[in-house]
Amino acid sequence: MTGRRDRTVLTTGANSGIGLATVLHLAGLGFRSVGSVRSEAKATEVAEAAASAGTSVDTVLLDVTDAERCAAVIEELRPWAVVNNAGYSGMGAIEDTTDEEARHQLETMVVAPMRLARLALPHMREAGEGRVVNISSIYGLTTTPFSGWYQACKHALEATSDALRLEVARDGVKVVLIEPGGFKTGIWKEFEEDVARHAGSNYEVGYQRTRTLLKLFMGFMGEPEGGAKAIGKALTVRSPRARYLVGPDAHAIAVGQPLIPTAIRDRIIRLVTGL
């Protein structure tokens with residue numbers, strides 16, 4: 001535990017969901033756990049959650065799309081590990097998504113994680129060890145309607161993480177992907193907001209059907225602590241796996257998808273979503 005206290009782990013998007021569960025869990029494991037948030041109000045929420053859990057979590061103000069601030073935070077913390085968790089759903093059909101919206105998703109969930117990893121690598125290399133844990137999704141392995149750009153981000157994060165893992169292995173740096181299925185996080189509130197924003201769309205029937213399906217599935221979703229435990233394992237085992245699927249739905253999709261012909265899968269999804 002003493003050794004872990006000397007190891008700083010930065011987790012982005014730490015004010016709710018898997019991010020909040022992670023900073024609390026890592027603090028409980030003995031790490032110096034630091035969570036990034038985008039406002040003082042959210043920093044207060046993290047501090048209160050940590051106090052309730054009987055532990056201590058530090059926070060830093062950080063918008064991961066701000067390159068200069070990312071550099072300053074990494075230089076200040078010199079983290080042993082970075083957990084790239086910040087992201088949002090950005091639900092919408094390809095036709096309903098503007099270039100600006102797509103770019104912002106890519107910046108937040110692909111460019112920013114790789115930027116933080118890139119900035120941290122010299123410190124990790126100097127120390128002779130370090131870890132980069134990127135929070136992907138089962139959507140990094142599959143694709144469905146109305147979340148195409150979100151899924152594109154997760155597919156890209158999978159590819160860049162695979163490349164980075166090979167590039168830095170000789171330096172003692174481990175790169176790990178966490179691939180959760182459905183979890184009860186704030187991302188579903190964002191989904192509701194996105195549905196309302198696309199009122200009048202040609203895909204409105206599909207949005208409503210998808211929302212209904214998600215509501216039915218909500219009771220079967222896991223708690224964020226499940227994701228946090230997988231992240232904790234990736235940071236504490238000597239030789240972490242390249243990927244950790246989290247949740248029974250994630251395992252089922254990963255196993256079953258290759259067995260279903262694309263034409264049949266497309267037909268089923270179109271029937272379910274009204275496309």
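This is a predicted model. Select residues 17–28, which form helix α2, and then residues 40–52, which form helix α3. Two packed helices are described by the angle between their axes and the distance between the axes. Here the axes of α2 and α3 come within 10 Å. They cross at roughly 45°.

Which hand does the crossing of α2 and α3 have? The crossing is right-handed.

Next, show side chains. Which residues in α2 meet α3? On the α2 side, pick L20, V23 and L24. On the α3 side, pick V46, A49 and A50, which they meet. Colour these by class: the contact of α2 with α3 has 6 nonpolar residues.

Zoom out to the whole protein chain. Switch to a cartoon view, and look for 11 helices and 7 strands. The radius of gyration is 19 Å, close to the 19 Å that the globule rule gives for 275 residues, so the chain is as compact as a globular protein of that length. Along its principal axes, the C-alpha trace spans about 55 × 40 × 35 Å.

Buried residues make up 45% of the 275 residues. Among contacts with a separation of 6 or more, 73% join residues 24 or more positions apart.

Notes. Residues are numbered from 1 along each chain as its sequence is written. This is a predicted model: local features need pLDDT of at least 70, side-chain atom pairs count only at pLDDT 80 or more; totals for chains, interfaces and linings use all residues. Side-chain values use heavy atoms; hydrogens and water are left out. Axes are lines fitted to C-alpha atoms, for helices over the stretch in contact, and angles run from 0 to 180 degrees between N-to-C directions. Helices (H or I, at least four residues) and strands (E, at least two) are DSSP runs, numbered from the N terminus. A crossing is left-handed if the near helix is turned anticlockwise from the far one by less than a right angle, and right-handed if clockwise. Contact means heavy atoms within 4.5 Å. Ala, Val, Leu, Ile, Met, Phe, Trp, Tyr, Cys and Pro count as nonpolar, Asp, Glu, Lys and Arg as charged, and the others, Gly among them, as polar. The radius of gyration is taken over C-alpha atoms; the globule rule is 2.2 Å times the number of residues to the power 0.38. Buried means under 20% relative accessible area, exposed over 50%, partly exposed in between (1.4 Å probe, protein chains only).
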